[in-house]
Amino acid sequence: MSLMAPDEARRRILAAATRVTGSEAVPLSQARGRTLASDLVALRTHPPFAASAMDGYAVRAGDLSIGYPLRVIGEAAAGHPFSGTLGAGEAVRIFTGAMVPNGADTILIQENATRVDEHHLVPTQTEARGRFVRLAGLDFAEGDVLLPAGSVLDARRIGLAASMGHASLPVRQRPRVAILSTGDELALPGAELRSGQIVSSNAFALAAQVSAAGAEAIDLGIVPDTAGATRSAIEQASDVADIILTSGGASVGDHDFVQGALIAAGFAMGFWKVAVRPGKPLMFGTRGEVQCIGLPGNTVSSLVCTLLFVVPLIGKLLGRPGHADPGREPALLGRDLPANDLREEYMRASLHRTEAGLVATPFATQDSSIQRLLVEAEALLVRPAHAPAARAGEPCEIIRL
Ligand code: AMP
Ligand code: MG
């Protein structure tokens with residue numbers, strides 16, 4: 001099979017996901033990062049009554065005349081309404097958040113009033129009718145749909161949902177993502193390394209990445225490089241996951257067992273090579289509703305491929321609109337680049353602002369095993385397949401990290 005274009009690979013992965021996850025209710029305190037499963041309707045009007053926006057006096061604007069006293073007939077504080085009705089020439093002492101009394105239409109702020117005695121004030125300013133009154137429903141009315149299904153719940157949206165009267169919210173269940181780290185050379189962080197071993201880091205990075213994308217990560221540990229172990233790990237993962245991520249063993253070397261194990265476990269192979277750098281050996285297989293993405297073992301490749309192919313899939317299972325959009329933005333190239341080959345390239349780059357615009361400068365080294373540079377990078381610069389040589393200053397596209 002020839003190399004598949006990354007856009008086509010993503011399209012096929014997304015097309016294979018024909019469902020969204022089920023819904024569940026979570027309390028507001030646990031809603032951050034979750035995805036709304038249905039449109040959210042306001043259960044109440046907010047504010048529920050006309051409220052004062054300032055400390056001062058509730059009055060009738062037509063009664064205000066500089067130097068002419070008004071009679072103070074009572075007080076209204078937040079949570080303590082004035083029960084009477086205000087008539088001509090009258091005022092009610094009022095505080096921020098208090099209900100504006102019947103008969104009043106305006107707040108004269110206390111800075112513009114002189115209290116001449118216990119029962120009288122004299123305005124030092126007039127005021128336009130309605131000034132400093134927040135009318136009932138100024139923010140929203142009962143029945144308004146304010147948060148559409150698919151919204152990702154952040155601080156702003158959780159605050160609004162609370163004001164709308166919801167104590168708990170209907171959200172999509174998190175897709176379960178099982179992570180398998182294949183490789184005889186792998187040892188856990190903190191363990192003694194035998195000769196030839198390296199620390200297995202991918203599962204930790206991938207778990208963090210998929211949780212941030214809205215999934216629940218299930219780390220199924222390190223899998224030895226044998227056909228049997230790889231197959232049984234994949235079968236075990238199929239029982240607990242919506243998505244299986246394998247790291248390593250995705251090529252077709254003598255010690256790469258993922259493809260064979262997937263086929264033996266009954267997966268239909270979609271593709272196994274994508275024209276992308278880093279990350280050419282990228283595998284995709286499906287069995288029923290379980291999707292397996294076989295990531296390359298190199299740390300940078302596995303993270304970049306997860307960003308390009310797995311995060312959109314999680315977004316689709318969560319019913320998030322725009323899930324397929326990797327969020328590219330325009331920038332200017334910070335240095336000359338040679339012509340590209342047939343693989344679309346994602347180059348780790350630094351960003352800086354200039355008068356001409358945002359400049360992205362790819363690092364000289366792009367080895368897919370170098371994690372330090374992935375952390376230093378502020379963006380991935382996207383080099384299309386077959387792009388001709390480019391000069392510093394030419395437009396380019398980036399994905400911010
Ligand atoms: P592979 O895709 O299995 O050929 O692995 C490619 C490279 O990635 C090798 O140098 C592996 O040692 C390394 N590698 C594989 N799995 C991991 C892992 N879980 N954490 C860190 N490096 C890994
Ligand atoms: Mg390996």
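1. H386 lies in the loop between β25 (379–383) and β26 (395–400), strands being DSSP runs of E with at least two residues and helices runs of H or I with at least four, numbered from the N terminus. Although not a glycine, H386 has a positive phi of about 60°. With 58% relative accessibility, H386 counts as exposed (over 50% relative accessible area; buried is under 20%, partly exposed in between, with a 1.4 Å probe and protein chains only).

2. This is a predicted model, in which local features need pLDDT of at least 70 and side-chain atom pairs count only at pLDDT 80 or more, while totals for chains, interfaces and linings use all residues. Residues are numbered from 1 along each chain as its sequence is written, and side-chain values use heavy atoms, with hydrogens and water left out.

3. F132, in the loop between β9 (120–123) and β10 (133–134), is likewise not a glycine and has a positive phi of about 65°. F132 is buried, at 18% relative accessible area.

4. Two cis peptide bonds deserve a check. One runs from H46 to P47, with omega near -10°; P47 sits in the loop between β2 (40–41) and β3 (51–52). Another joins R277 and P278, with omega about 0°, and P278 belongs to the loop between β19 (276–277) and β20 (283–287).

5. The axes of α1 (residues 6–16) and α6 (residues 299–317) come within 9 Å and cross at roughly 30°, the axes being lines fitted to C-alpha atoms over the stretch in contact and angles running from 0 to 180 degrees between N-to-C directions.

Notes: Chains lettered and ligands numbered in written order.
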